[in-house]
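Thanks for coming. I will walk through one structure, and I will give each cut-off when its term comes up.

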Amino acid sequence: MIFAANFKTYHTRYSTKVYMEELNNYLEGIRCEPIYLFPPATALQEGFGKVVVGAQNAYPIENGAVTGEIGLMQLNEFNIKTILIGHSERRTLLKENQEFIAKKFNFFKEHGFKIIYCIGEPLEVREQGLEKLFEYLFSQFEGIDVCYENLIVAYEPIWAIGTGVSAKVEDIKQVHDGLKKEFNVPLLYGGSVKVENIEAISAIDSVDGVLVGSASLEAKNFATLIKKGLGV
Ligand code: PGA
(Lines give C-alpha, C1' and ligand atoms only; values in the text may rest on other atoms or scores of the structure.)
Protein backbone atom coordinates (compact mmCIF):
# COMPACT_ATOMS: atom_id res chain seq x y z
CA MET A 1 0.00 0.00 0.00
CA ILE A 2 1.13 3.49 -0.88
CA PHE A 3 0.18 6.31 1.50
CA ALA A 4 0.33 9.96 0.52
CA ALA A 5 -0.57 13.02 2.58
CA ASN A 6 -1.75 16.24 0.96
CA PHE A 7 -1.43 19.16 3.41
CA LYS A 8 -2.94 21.70 0.99
CA THR A 9 -2.53 25.08 2.75
CA TYR A 10 -2.23 23.58 6.23
CA HIS A 11 1.00 23.41 8.23
CA THR A 12 4.16 25.51 8.23
CA ARG A 13 7.83 24.70 7.64
CA TYR A 14 8.40 24.09 11.32
CA SER A 15 5.25 22.06 11.96
CA THR A 16 6.00 19.94 8.88
CA LYS A 17 9.38 19.03 10.32
CA VAL A 18 7.86 18.14 13.69
CA TYR A 19 5.18 16.14 11.86
CA MET A 20 7.81 14.08 10.04
CA GLU A 21 9.62 13.33 13.28
CA GLU A 22 6.38 12.27 14.95
CA LEU A 23 5.19 10.18 12.01
CA ASN A 24 8.52 8.35 11.83
CA ASN A 25 8.32 7.65 15.55
CA TYR A 26 4.78 6.33 15.33
CA LEU A 27 5.76 4.09 12.41
CA GLU A 28 8.97 2.79 13.91
CA GLY A 29 9.47 -0.89 13.22
CA ILE A 30 6.72 -0.96 10.62
CA ARG A 31 7.68 -2.08 7.15
CA CYS A 32 6.09 0.03 4.49
CA GLU A 33 6.77 1.82 1.24
CA PRO A 34 7.92 5.45 1.46
CA ILE A 35 5.17 7.76 2.74
CA TYR A 36 4.71 10.70 0.37
CA LEU A 37 4.10 14.05 2.02
CA PHE A 38 3.00 17.13 0.10
CA PRO A 39 3.36 20.22 2.30
CA PRO A 40 2.77 23.82 1.11
CA ALA A 41 5.57 25.35 -0.99
CA THR A 42 7.00 27.37 1.93
CA ALA A 43 7.34 24.17 3.97
CA LEU A 44 9.33 22.25 1.36
CA GLN A 45 12.36 20.56 2.90
CA GLU A 46 14.11 17.23 2.63
CA GLY A 47 12.13 14.30 3.90
CA PHE A 48 13.70 11.80 6.26
CA GLY A 49 13.05 8.35 7.66
CA LYS A 50 10.04 6.88 5.88
CA VAL A 51 8.88 10.25 4.57
CA VAL A 52 9.52 11.46 1.03
CA VAL A 53 8.57 15.09 0.53
CA GLY A 54 6.95 16.13 -2.73
CA ALA A 55 5.62 19.39 -4.16
CA GLN A 56 1.89 20.08 -4.40
CA ASN A 57 2.64 22.20 -7.42
CA ALA A 58 5.38 23.86 -9.43
CA TYR A 59 5.55 25.73 -12.71
CA PRO A 60 7.02 23.80 -15.66
CA ILE A 61 10.16 25.89 -15.81
CA GLU A 62 13.62 25.73 -14.27
CA ASN A 63 13.49 29.41 -13.29
CA GLY A 64 12.19 32.54 -14.98
CA ALA A 65 9.71 35.38 -14.95
CA VAL A 66 6.65 33.71 -13.44
CA THR A 67 5.58 35.78 -10.45
CA GLY A 68 4.27 33.80 -7.53
CA GLU A 69 5.36 30.39 -8.76
CA ILE A 70 8.24 28.08 -7.97
CA GLY A 71 10.18 26.06 -10.52
CA LEU A 72 12.68 23.25 -10.75
CA MET A 73 15.47 25.32 -9.19
CA GLN A 74 13.54 25.78 -5.94
CA LEU A 75 12.64 22.08 -5.82
CA ASN A 76 16.24 21.07 -6.44
CA GLU A 77 17.34 23.02 -3.36
CA PHE A 78 15.56 20.42 -1.23
CA ASN A 79 16.17 17.47 -3.51
CA ILE A 80 12.44 17.24 -4.25
CA LYS A 81 11.80 14.64 -6.94
CA THR A 82 8.08 14.02 -6.47
CA ILE A 83 5.14 16.15 -7.56
CA LEU A 84 1.36 16.16 -7.50
CA ILE A 85 -0.18 17.14 -10.83
CA GLY A 86 -3.81 17.60 -11.87
CA HIS A 87 -5.41 17.89 -8.44
CA SER A 88 -9.06 18.93 -8.82
CA GLU A 89 -8.54 22.01 -6.64
CA ARG A 90 -5.97 23.25 -9.13
CA ARG A 91 -8.14 22.30 -12.09
CA THR A 92 -11.15 24.16 -10.69
CA LEU A 93 -9.99 26.92 -8.30
CA LEU A 94 -6.77 27.71 -10.17
CA LYS A 95 -8.31 27.10 -13.62
CA GLU A 96 -5.58 24.75 -14.85
CA ASN A 97 -6.75 23.23 -18.11
CA GLN A 98 -5.76 19.86 -19.56
CA GLU A 99 -3.32 21.40 -22.01
CA PHE A 100 -1.38 23.16 -19.26
CA ILE A 101 -1.55 20.12 -16.99
CA ALA A 102 -0.09 17.96 -19.78
CA LYS A 103 2.68 20.53 -20.31
CA LYS A 104 3.50 20.40 -16.62
CA PHE A 105 3.39 16.60 -16.69
CA ASN A 106 5.80 16.42 -19.61
CA PHE A 107 8.23 18.88 -18.06
CA PHE A 108 8.48 16.96 -14.80
CA LYS A 109 8.54 13.64 -16.64
CA GLU A 110 11.55 14.87 -18.60
CA HIS A 111 13.22 15.59 -15.28
CA GLY A 112 12.48 12.11 -14.00
CA PHE A 113 10.05 13.10 -11.26
CA LYS A 114 7.75 10.64 -9.56
CA ILE A 115 4.36 12.04 -10.55
CA ILE A 116 1.16 11.48 -8.65
CA TYR A 117 -1.35 12.40 -11.31
CA CYS A 118 -4.87 13.16 -10.10
CA ILE A 119 -8.12 12.61 -11.95
CA GLY A 120 -11.72 12.77 -10.74
CA GLU A 121 -15.21 13.73 -11.74
CA PRO A 122 -17.71 16.25 -10.37
CA LEU A 123 -21.04 15.03 -9.07
CA GLU A 124 -22.99 16.03 -12.20
CA VAL A 125 -20.80 13.74 -14.32
CA ARG A 126 -21.14 10.85 -11.89
CA GLU A 127 -24.92 11.25 -12.05
CA GLN A 128 -24.86 10.76 -15.84
CA GLY A 129 -23.86 7.11 -15.49
CA LEU A 130 -20.77 4.96 -15.94
CA GLU A 131 -20.16 5.54 -19.62
CA LYS A 132 -20.03 9.32 -19.21
CA LEU A 133 -17.97 8.94 -16.05
CA PHE A 134 -15.24 6.94 -17.81
CA GLU A 135 -15.37 9.23 -20.83
CA TYR A 136 -14.70 12.15 -18.47
CA LEU A 137 -11.91 10.38 -16.62
CA PHE A 138 -10.21 9.24 -19.82
CA SER A 139 -10.31 12.82 -21.14
CA GLN A 140 -8.14 13.76 -18.17
CA PHE A 141 -5.38 11.57 -19.63
CA GLU A 142 -5.12 13.67 -22.78
CA GLY A 143 -1.45 14.48 -23.38
CA ILE A 144 -0.37 12.26 -20.47
CA ASP A 145 2.06 9.39 -21.02
CA VAL A 146 0.39 6.59 -19.07
CA CYS A 147 3.39 4.35 -19.70
CA TYR A 148 5.71 6.68 -17.79
CA GLU A 149 7.59 4.48 -15.35
CA ASN A 150 7.39 6.96 -12.45
CA LEU A 151 3.66 7.52 -12.72
CA ILE A 152 1.15 6.91 -9.96
CA VAL A 153 -2.48 7.81 -10.66
CA ALA A 154 -4.86 9.03 -7.95
CA TYR A 155 -8.59 8.72 -8.55
CA GLU A 156 -10.31 11.37 -6.46
CA PRO A 157 -14.01 11.98 -7.11
CA ILE A 158 -14.46 15.71 -6.49
CA TRP A 159 -17.69 15.24 -4.55
CA ALA A 160 -15.82 13.07 -2.03
CA ILE A 161 -12.93 15.47 -1.40
CA GLY A 162 -13.03 17.27 1.93
CA THR A 163 -16.68 16.41 2.40
CA GLY A 164 -16.22 13.65 4.95
CA VAL A 165 -18.26 11.42 2.62
CA SER A 166 -16.03 8.96 0.82
CA ALA A 167 -17.15 7.12 -2.32
CA LYS A 168 -18.69 3.73 -1.49
CA VAL A 169 -16.49 0.66 -1.69
CA GLU A 170 -18.50 -0.66 -4.69
CA ASP A 171 -18.09 2.66 -6.51
CA ILE A 172 -14.36 2.82 -5.88
CA LYS A 173 -13.96 -0.78 -7.01
CA GLN A 174 -15.95 -0.20 -10.17
CA VAL A 175 -13.89 2.83 -11.22
CA HIS A 176 -10.53 1.35 -10.19
CA ASP A 177 -11.26 -1.93 -11.97
CA GLY A 178 -12.23 0.02 -15.10
CA LEU A 179 -9.06 2.14 -14.96
CA LYS A 180 -6.84 -0.88 -14.32
CA LYS A 181 -8.19 -2.52 -17.47
CA GLU A 182 -6.87 0.42 -19.50
CA PHE A 183 -3.73 1.41 -17.65
CA ASN A 184 -1.20 -0.66 -15.83
CA VAL A 185 -0.24 1.90 -13.17
CA PRO A 186 -0.34 2.02 -9.38
CA LEU A 187 -3.73 3.49 -8.52
CA LEU A 188 -4.54 5.46 -5.39
CA TYR A 189 -7.98 6.41 -4.14
CA GLY A 190 -8.54 9.82 -2.57
CA GLY A 191 -11.56 11.59 -1.12
CA SER A 192 -12.42 11.53 2.59
CA VAL A 193 -10.19 8.57 3.37
CA LYS A 194 -10.06 8.29 7.16
CA VAL A 195 -9.32 5.93 10.02
CA GLU A 196 -12.92 4.70 9.94
CA ASN A 197 -12.92 3.61 6.28
CA ILE A 198 -9.29 2.77 5.47
CA GLU A 199 -9.67 -0.96 6.14
CA ALA A 200 -12.57 -1.32 3.69
CA ILE A 201 -10.84 0.82 1.05
CA SER A 202 -7.45 -0.87 1.33
CA ALA A 203 -9.12 -4.27 1.01
CA ILE A 204 -10.16 -3.48 -2.57
CA ASP A 205 -7.83 -5.35 -4.94
CA SER A 206 -7.51 -2.53 -7.44
CA VAL A 207 -6.61 0.04 -4.76
CA ASP A 208 -2.82 0.29 -4.46
CA GLY A 209 -2.84 3.13 -1.98
CA VAL A 210 -4.55 6.30 -0.78
CA LEU A 211 -4.08 10.06 -1.08
CA VAL A 212 -5.27 11.65 2.13
CA GLY A 213 -6.06 15.28 2.94
CA SER A 214 -7.88 16.08 6.20
CA ALA A 215 -7.10 12.78 7.92
CA SER A 216 -3.37 13.24 7.31
CA LEU A 217 -3.02 16.56 9.10
CA GLU A 218 -2.21 15.10 12.50
CA ALA A 219 0.71 12.68 12.57
CA LYS A 220 -0.86 10.39 15.16
CA ASN A 221 -4.11 10.07 13.25
CA PHE A 222 -2.31 9.47 9.95
CA ALA A 223 -0.06 6.85 11.56
CA THR A 224 -3.16 5.06 12.86
CA LEU A 225 -4.67 5.19 9.37
CA ILE A 226 -1.47 3.79 7.84
CA LYS A 227 -1.29 0.95 10.35
CA LYS A 228 -4.93 0.03 9.79
CA GLY A 229 -4.42 0.18 6.03
CA LEU A 230 -1.46 -2.19 6.34
CA GLY A 231 -3.32 -4.40 8.79
CA VAL A 232 -0.63 -4.13 11.46
P1 PGA B 1 -9.59 14.75 1.75
O2 PGA B 1 -8.68 15.34 0.57
O3 PGA B 1 -8.92 13.51 2.26
O4 PGA B 1 -9.64 15.84 2.77
O5 PGA B 1 -10.93 14.46 1.17
C6 PGA B 1 -8.07 14.47 -0.37
C7 PGA B 1 -7.36 15.25 -1.44
O8 PGA B 1 -7.84 16.33 -1.86
O9 PGA B 1 -6.28 14.82 -1.91
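I start with a definition: buried means under 20% relative accessible area, exposed means over 50%, and partly exposed is in between, using a 1.4 Å probe and protein chains only. By that rule Y148 counts as buried, because its relative accessibility is 9%.

Some ground rules. This is a predicted model, where local features need pLDDT of at least 70, side-chain atom pairs count only at pLDDT 80 or more, and totals for chains, interfaces and linings use all residues. Residues are numbered from 1 along each chain as its sequence is written, and side-chain values use heavy atoms, with hydrogens and water left out.

Next, the sheet. Helices (H or I, at least four residues) and strands (E, at least two) are DSSP runs, numbered from the N terminus. Two strands pair if DSSP finds at least two bridges between them. Here 8 strands make an open, parallel sheet, in the order β3-β2-β1-β8-β7-β6-β5-β4. At the edges are β3 and β4, each of which pairs on one side only. From one strand to the next, the twist averages 25°. One of the pairings joins β1 (residues 2–6) to β2 (residues 35–38), parallel, over 3 bridges. Within it, A4 has Y36 of β2 as its bridge partner.

Helix α4 lies across β4, β5 and β6, at about 165° to β5. For such angles, axes are lines fitted to C-alpha atoms, for helices over the stretch in contact, and the angles run from 0 to 180 degrees between N-to-C directions.

Rings of Phe, Tyr and Trp (its six-membered ring) pair if their centres lie within 6.5 Å; planes under 30 degrees apart count as stacked, over 60 as edge-to-face and the rest as tilted. The whole structure has 11 aromatic pairs. Y59 and F100 form a tilted one, with 5.6 Å between centres and 45° between planes. The two are 41 residues apart: Y59 is in the loop between β3 and α2, and F100 is in α4. Y59 is partly exposed, because its relative accessible area is 24%.

What kind of pair do F105 and Y148 form? It is edge-to-face, because the planes are at 80°, with the ring centres 6.1 Å apart. F105 is in α4 and Y148 in the loop between α6 and β6, 43 residues apart. F105 is buried, with a relative accessible area of 0%. Both belong to a cluster linked by ring pairs, along with Y117, F134, F138, F141 and F183.

Now the interior. A nonpolar core is a set of buried Ala, Val, Leu, Ile, Met, Phe, Trp, Tyr and Cys residues joined through side-chain atoms within 4.5 Å. The largest has 63 residues, and those touching the most other members include F108, Y117 and L179. A second, separate core has 11 residues, among them I2 and I116. Contact means heavy atoms within 4.5 Å. Leaving out residues up to four places away in sequence, L179 touches I119, F134, F138, F141, Y155 and L187.

Last, two backbone details. Most residues other than glycine have a negative phi. K95, which is not a glycine, has a positive phi of about 55°. Its place is the loop between α3 and α4, where K95 is exposed, at 67% relative accessible area. S192 also has a positive phi, near 55°. S192 is in the loop between β7 and α8, and is buried, at 13%.
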